[in-house]
Each structure stands twice: as C-alpha cells, then as structure tokens.
Amino acid sequence: MSQVAARVRRAMHHWDVWVVAVVCAGVTLVVPLLNVLPSERSPLHASEFLVTIVGKFACYAIVAVAMDLVWGYAGILSLCHALFFALGGYAMGMYLMRSIGTEGVYRSTLPDFMVFLDWKELPWYWHGFEHFWFAAAMALLVPGLVAYIFGFFAFRSRIGGVYFSIITQAFTYAAMLLFFRNATGFGGNNGLTDFKRILGYPLREPSTRAVLCALTGAALAISYALCRALAASRVGRVLTAMRDAESKVRFSGYNPVAYKLFAWTFSAVLCGAAGALYVPQVGIVNPSEMQPSSSVEIAVWVAVGGRGTLAGAILGALFVNGAKSWLTVAFPTAWLYVLGGLFVVVTLLLPGGLLQGIRALGRIPSGTARLARSVRSLAPKRDSSSPPPAHSIAGGEKTPP
C-alpha cells in the first residue's frame, strides 16, 4: 500500500501532465466525435464553428509550447515566431492552391491571383507543391532553415537580451513587407485563400474538419511530449544553465551556440507544423500573420500561462485566445486594453502565470490543515489530575465550598 501511495503522490506532483493530457484528449477525441456522431439537433452536438475554433486554438498552443522552449528554458525572447508560423502556413497554402486545378474563377491551371496579375507561367519556387508530401516537408524545412541561418549569425555574434528581440522583430517586419508585394508571388495583401480540398477530401465537409482538429490535438500532444523530454534531458539542463548564467556555462567547456541553435531551430520547426495545420482549418493565410504584434501576442500567451512550464504555455494560449474571441465581440474596442492589463497584472502579481495561481489554489487545503494543527498545538492542555470544571457537574450547579 505504501508503494501505491507513493506512486499516487508522484502522479499528483506532475498534475500539469494530466491537465495537458485532458486538453489534448478533448481536442483529439471529444470535440471531433461530438461533431460527427450526435445529430445536429442533439444538445451534445459540437458545431463546425466550435470544431474550427478548437483546432485553431490548438495550433496556437503548439506555437506557445515552441515559444516557451526557447524563452522559458533558454532565455531567448523571440519576436519572430509568428514568421515561422506563417511560413509553414504558406507552404501548406501553396499545396492547397495547386490542388484547386482548373476549378478557380478563371479556369486556369495558375492560381487566380496570378491570372489576375497577368502572370504567364508558374514561378519556379511553386513547382513541387502539387504534392502533399513535398508541401508538408517544406512546411517544416523552410522555417527550420530560415531559423538556422538567422540564429547561426546571431548566436555566433553573441547577440542576446533585448537586442536579440529587437532584431527578430525587425526581421519579421521585413518579411511581412516582402510578402505584401504582389511581385513576390504569394498573393500580396490578400494572400492565399479559396481552398477546395486536401488530399482529395473537401475542406467544407464536417468529417474533414473533424479529422483536421483531431490531427491538431495529436500534434499538440507530440509537441508537448518532445519539448518536455528535451527540457528534462541533459540538453535542457544546459539550456536552463545558460539562461541563468551563460558565461559560467561557457567557461565550463560547453558551446552555447550549438545548444541555442538546436533549441531555436527545433522551435521554428514546431511553429511551421502548427502553421501547416492552421491554414486548412481557417481557410486563408496572408502577410498579416507575420505582423510583429502577433509575435508579441505569442509572448503574452507564455507569460500569462507560466513561463518555463510548457503546460502553462498551453493554458495561456487557450485562455488568452478564448478571452479574445469573446471580448472582440462583446467589447471590440476594449480588447487591447484588457490584453495589456492582463499582462501587467500577471507580471506583477503572478510571475509564474496561471499555473502558479492554480498550484497556489491546490495548496490551500493542505495549508489550512497545517494552520489548524498549529492552532490546536498552541491551545492550553488540561491536566487529567485536576478536578473537572464547575460547569461539567450534572445539573450545572457548583459544588459547595
């Protein structure tokens, strides 16, 4: 029995894993099944709108986990993770545009925006995206390659802190301006949209959307498991040590550039995978996904949820985006003020984010029990040899002297 109790205590110590498991199970199984199995008149039926929102939020949660890996454990505050997310989305969007074929408005093999802009042939960098496997590979390789090249020069130059954040933000802004140009060949301001099918399955079918939502939940679970294993490994311990004292780690014989570059590139690959899952569910990708404010918002998700916890990043992404979806409808002009105020309040009162608050609530019952035991220990103890008090005599009358 003692071994069983010890196992239960260890499981409760890692309760955040169970929280993530419940979230991933809800995204992977519960919501898709409630969309497909019950009839539309059933109160248990999950609408297509709900399936899309849940899948969208799960994509954001993957990005938050990727951001927490480099910021919470390696101490690298990136403001260009929205760029990696958008690059993965564009790679999948290019495949979806090629899948349209001649079903576009202009009945041409070229995408509609190219016909409108009087393009005569498909650009060379669009070739190969008629194959799903190629687009999926590019959704991972392109963000990873861009992150590797950028990080190689930045980390070798020992750029860190706020300077690194400013450079990443400028890098994202430059990429956004590049994709806004029609001559770039990615749809300009309108981006890529009007998708029809993926792997031959219509995107508007409820079953297709349910499968995409389930795949996103599975990808979230895999991303969390990989990042958690990485954080618990020797690499994760070195990253944490560099976050706290990089100079000491360097003097100990470790190469911070290699460790930072690995975590940075791996994080970008996760963002690319999230973007590739995001675009088929939302139905559009444009340069606004790259805007610097989107990267700042990703950092807010991690800070609100709990930096350096991974599980808190998931909770923060779900909480902030859920609040955003409601507040932008109920109070459209007040959303940005609420977001800024939430970030300030959490930073000042809960440096550990929502996860710290949940852990504090979980410690209230044990703290109350300890306080009660302390009060009982301070109470005066009655000596058993002394006579009972007067009010304990039957009838409540005092004994005569």
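**Entry 1: the core**

I started with the nonpolar core, meaning a set of buried Ala, Val, Leu, Ile, Met, Phe, Trp, Tyr and Cys residues joined through side-chain atoms within 4.5 Å. The largest one has 99 residues, and those with the most contacts inside it are Leu96, Trp126, Leu192, Trp264, Met290 and Ile314. Helix 3 (residues 48–73) gives this core its largest share, 15 residues. I also found a second, separate core of 6 residues, including Val51, Val54, Ala58 and Cys213.

For my own reference, buried is under 20% relative accessible area, exposed is over 50%, and partly exposed is in between, with a 1.4 Å probe and protein chains only. I also noted that in soluble globular proteins, nonpolar side chains tend to be buried together.

A reminder to myself: this is a predicted model, where local features need pLDDT of at least 70 and side-chain atom pairs count only at pLDDT 80 or more, while totals for chains, interfaces and linings use all residues. Residues are numbered from 1 along each chain as its sequence is written, and side-chain values use heavy atoms, with hydrogens and water left out.

**Entry 2: the whole protein**

I then stepped back to the totals. The protein has 15 helices and 4 strands; these are DSSP runs numbered from the N terminus, helices being H or I of at least four residues and strands E of at least two. Of its 401 residues, 43% count as buried. The accessible surface comes to about 21600 Å², with 67% belonging to carbon and sulfur atoms. That area comes from the Shrake-Rupley method with a 1.4 Å probe, and for residues only the protein chains shown count as cover.

I looked up contacts next, a contact being heavy atoms within 4.5 Å. Among those between residues at least 6 apart in sequence, 75% join residues at least 24 apart.

What does Met290 touch, not counting residues up to four places away in sequence? I found Ala82, Leu83, Ala86, Tyr90, Thr172, Ala175, Met176 and Phe179.

Two of those names, Tyr90 and Phe179, took me on to the aromatic pairs. The structure holds 25 of them. Rings of Phe, Tyr and Trp (its six-membered ring) pair if their centres lie within 6.5 Å; planes under 30 degrees apart are stacked, over 60 edge-to-face, and the rest tilted.

Tyr90 and Phe179 make a tilted pair, 4.8 Å centre to centre with 55 degrees between the planes. Tyr90 sits in helix 4 (residues 81–100) and Phe179 in helix 7 (residues 161–180), 89 residues apart, so I logged this as a link between distant parts of the chain. Tyr90 counts as buried because its relative accessibility is 2%, and Phe179 does so at 10%.

Phe155 and Trp264 are edge-to-face, at 6.1 Å centre to centre and 90 degrees between the planes. This pair also links distant parts of the chain: Phe155 is in helix 6 (residues 132–156) and Trp264 in helix 10 (residues 256–282), 109 residues apart. Phe155 is buried at 5% relative accessibility, and Trp264 is buried at 0%. Both belong to a cluster that ring pairs build from Phe84, Phe150, Phe155, Phe164, Phe171 and Trp264.

**Entry 3: His81**

Is His81 buried or exposed? It is buried, with a relative accessible area of 0%. His81 lies in helix 4. Leaving aside neighbours within four places in sequence, His81 is in contact with Ala66, Met67, Val70, Trp264, Ser267, Cys271, Ser295 and Ile298.

**Entry 4: pocket and cavity**

Points are joined across faces, edges and corners, and a volume is the space filled by probe spheres set on them.

The largest pocket has a volume of about 460 Å³. Its lining has 19 residues, of which Leu87, Val142, Val146, Phe179 and Phe186 lie nearest its centre. Helix 4, helix 6 and helix 7 each supply at least two lining residues.

The largest cavity has a volume of about 60 Å³. Its lining includes Met97, Arg98 and Asp112, and helix 4 gives the largest share of that lining, 3 residues.

Key. On a 1 Å grid over the protein atoms alone, a cavity is a set of points where a 1.4 Å probe fits but cannot get out, and a pocket is an open set with protein on both sides within 12 Å along at least five of seven lines; lining residues have an atom within 4 Å of a point.
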